[in-house]
Amino acid sequence: MRIVLTGASGIAGSFIARACRAAGHDLTLLGVGDGWRLGQPADLRGHDALIHCAFAHVPGRYRGGEGCDPQGFRRANLDGSIRLFSQAADAGLSRILFLSSRAVHDGHPAGMILPDDLPPAPANLYGEVKALAEAHLAQIPLTTTAIRATGLYGPGKANKWRDLFAAHLAGRQAPSRIATELHVDDLAAAILLLLTHPAPPRTVNASDLLLDHRDLLAMVSELTGCRTPLPAPADSSGLRQLRCDALTAMGWRPGGTKRLRQTLPALVEQAQQRQA
C-alpha cells in the first residue's frame, strides 16, 4: 500500500513509520523536516491511504499546547487537518487514519468508562480541536477512522518519564499520580490493523495500562537499587478509562506490563544519562 504519513518525526509518527516500512508499505513523509506544515497544499496523488499524525503545539504540551496563541493553534490544527482531509478525497485516496486523543472525552463525568463510539465531550481547546476534526473526517466519503489514543510511552523521544525517573534516582520523592498508558509500538500495531481492515469503525480507542506512579517507580527501584521513598498510591476512582473493544475484536493485543518491563531498562538508562 502507498501511504502518506504526516508527523513522521513526532513521538507517534516515528514509530508508525518504522512499523509501516517493516510491514512492506511504501511511505511518503510529510512534515517540518520535509518542508511541509499543516495547512499547506499536499500532493497526495498516486497514494492509497493517509495517516495523519502531525500536530502543531507548544513543545511538550498537548492540553494547553496552544500556549498564548489559541487562534493560531486552531488554524493550524483544525483548519489544516480539514484542508488535508479534503485534499486526500480530491486525490482519490481510499482511506484516512487520524490520530486523535482521549482528550475528546475530558468533559465526561469522572470515573466514566469510555466506549469506542462515545460522542466527544471536550473540556479544553486541544480536545475540542481533535473532536471537530473527527466530526469533519466522518463526513468524508472515504473509509476513515479516528484513533482516540491515550498517553504514549516508549524509548527515545517517547520517554516522557525521563525527568520523573531522574528525580527519583536523585532522591526526590514524586507526587502521587495514576494514568492510562500505551506503548508507541502498540499504537503502531493498531494502525497496521486499521490500514487493512475491510470496514473499520469511524472511531476506536487505543489504551493499555492503568499505571500508578508508585508501581512504576517501584520497578525503577528494583532495576537500580534506588531507595527513594515511593509516592503514596493514587486514587483511581475518578479516572475515565477507555474500552478498546473494536481493536480487540480485530486481534489487537497490546503488550501490557510485560512490554513495560521490557522497555524500562532503556528508559532508566536515558534518565541516568540526564543525571550524568
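Val 32 is exposed, with a relative accessible area of 55%, where exposed means over 50% relative accessible area, buried under 20% and partly exposed in between, for a 1.4 Å probe and protein chains only. The place of Val 32 is the loop between β2 and β3 (49–52); helices (H or I, at least four residues) and strands (E, at least two) are DSSP runs, numbered from the N terminus. The model is a predicted one, in which local features need pLDDT of at least 70 and side-chain atom pairs count only at pLDDT 80 or more, while totals for chains, interfaces and linings use all residues. Residues are numbered from 1 along each chain as its sequence is written, and side-chain values use heavy atoms, with hydrogens and water left out.

Turning to the whole protein, eight helices and 11 strands are present. A compact globule of 276 residues would have a radius of gyration near 19 Å, and the protein agrees with this because its own value is 19 Å; the radius is taken over C-alpha atoms, and the globule rule is 2.2 Å times the number of residues to the power 0.38. Along the principal axes, the C-alpha atoms fill a box of roughly 60 × 40 × 40 Å. Of the 276 residues, 50% count as buried. The accessible surface comes to about 12400 Å², and carbon and sulfur atoms hold 50% of that area; these areas come from the Shrake-Rupley method with a 1.4 Å probe, and for residues only the protein chains shown count as cover. Among contacts (heavy atoms within 4.5 Å) with a separation of 6 or more, 81% join residues 24 or more positions apart.

The charges can be summarised briefly. The protein has 29 positive and 24 negative charges, and their mean positions are 3 Å apart. Lys and Arg count as positive and Asp and Glu as negative, with His and the chain ends not counted; each charge is placed at NZ of Lys, CZ of Arg, CG of Asp or CD of Glu.

The cysteines come next. With a disulfide taken as a pair of cysteine sulfur atoms within 2.5 Å, the count is zero. For Cys 20, the closest cysteine sulfur is that of Cys 53, and at 8.8 Å it is too far for a bond. Cys 20 is buried, with a relative accessible area of 1%. Cys 226 is buried as well, with a relative accessible area of 16%.

His 25 lies in the loop between α1 (11–22) and β2 (26–30) and is buried, at a relative accessible area of 15%. Beyond its neighbours within four places in sequence, His 25 touches Met 1, Ile 3, Cys 20, Leu 192 and Leu 195. His 108 sits in the loop between β4 (95–99) and β5 (113–114), and its relative accessible area of 13% makes it buried. With neighbours within four places again set aside, the contacts of His 108 are Leu 114, Leu 118, Pro 119, Pro 120, Ala 121 and Arg 240.

His 183 belongs to strand β8 (residues 178–183) and is buried at 3% relative accessibility. Neighbours within four places aside, His 183 is in contact with Tyr 153, Gly 154, Pro 155, Arg 259 and Thr 263. Glu 134, 49 residues away along the chain, has its C-alpha atom 23 Å from that of His 183.

Helix α4 (residues 162–169) contains Ala 167, a buried residue with a relative accessible area of 17%. In α4, the buried residues include Leu 164, Phe 165, Ala 166, Ala 167 and His 168. The C-alpha atoms of Ala 167 and Thr 228 are separated by 9.5 Å, although the two residues are 61 apart along the chain. After α4 comes Gly 171, with a positive phi near 95°.

Finally, Asp 208 is found in the loop between β9 (203–206) and β10 (209–212). At 27% relative accessibility, Asp 208 counts as partly exposed. Its contacts, apart from neighbours within four places in sequence, are Glu 181, Leu 182, Asp 186, Pro 254, Gly 255 and Gly 256. A further pairing is with Thr 257, 49 residues apart from Asp 208 along the chain, and here the C-alpha separation is 9.0 Å.
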